[in-house]
Amino acid sequence: MSSSWGDASTPLYEICCYAAGIAGNLFAFVLFISPIPTFKRIIRNESTEQFSGLPYVYSLLNCLICMWYGLPFVSYGVVLVVTVNSIGAAFQLAYLTLFIAYAHKRRKLKMVGLLIGVFALFALIVYVSSVFFDHPTRMNLVGYLSVASLISMFASPLLVINLVIKTKSVEFMPFYLSLATFLMSISFFAYGLLLHDFFIYIPNGIGTVLGVVQLMLYAYYNQRSGDDYRLPLLA
């Protein structure tokens, strides 16, 4: 009897699949808790200062769309995509609630409006995809929306990469955050490949490449900073 490890019926295939998905969930959790020091500062100072709430708005919308894609009603039930994005949505909503609570009045109204906009847009996506499309078309529609949403999230690491190159410093690119982003992306890339799910492996493949670039830049500029530090001072 011959059997391929990639055969969906084999125990090894299922173990690899779940291992990749669970690893992705764990590394994503590290990213979800990374803003906690920022919000400790906001609570301590009772002000949002110059911090922006927009990243949490975009992240919430992204998590909601990806969570919707993972449900059996849309795709064929990608449970570990549902879990990671449900947890992510809960964290982003908590952060936004705190941000709104400590923002000044004008910014508070703006953030409440954006939050309502996110839920209205998500409700529209759910309604349109549920009522007007059959299952295969619904899967493709929400899948492409999730890919577009995830790719838009790459604006942040691209800005960080640009900043590192411009300043020749890794001060604004924490190593462990870059490492967690890379490990999460490569885990979900593997998960998508094992499931043969284009809508999972394409955006996470792009995320993996960006993660590698960030780590290479960190290694290069961190070493240069160390070399500069060791240069003798000239009188």
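The structure is a predicted model, in which local features need pLDDT of at least 70 and side-chain atom pairs count only at pLDDT 80 or more, while totals for chains, interfaces and linings use all residues. Residues are numbered from 1 along each chain as its sequence is written, and side-chain values use heavy atoms, with hydrogens and water left out.

I begin with the chain. It holds nine helices and zero strands, where helices are DSSP runs of H or I with at least four residues and strands are runs of E with at least two, numbered from the N terminus. Of its 235 residues, 39% are buried, that is, under 20% relative accessible area with a 1.4 Å probe. The chain exposes about 13,600 Å², and carbon and sulfur atoms supply 71% of that area. Among contacts (heavy atoms within 4.5 Å) with a separation of 6 or more, 74% join residues 24 or more positions apart.

I turn now to one helix pair. How do α3 and α5 pack? Helix α3, residues 54-70, meets helix α5, residues 105-131, at an angle of about 15 degrees, with the axes 10 Å apart. That makes the two helices roughly parallel, a term for angles under 35 degrees. Their crossing is right-handed.

Which residues meet there? From α3 they include Leu 54, Leu 61 and Trp 68, and from α5 they include Met 111, Phe 119 and Ser 130. The residues of this contact comprise 17 nonpolar, two polar and no charged.

Key:
Axes fitted to C-alpha atoms, helices over the stretch in contact; angles between N-to-C directions. Parallel < 35°, antiparallel > 145°, perpendicular 65-115°, else oblique. Left-handed = near helix turned anticlockwise from the far one by under 90°. Nonpolar A, V, L, I, M, F, W, Y, C, P; charged D, E, K, R; others polar. Buried < 20%, exposed > 50% of the residue type's maximum accessible area, 1.4 Å probe, protein only. Areas by Shrake-Rupley, 256 points an atom, 1.4 Å probe, with all protein chains shown as cover.
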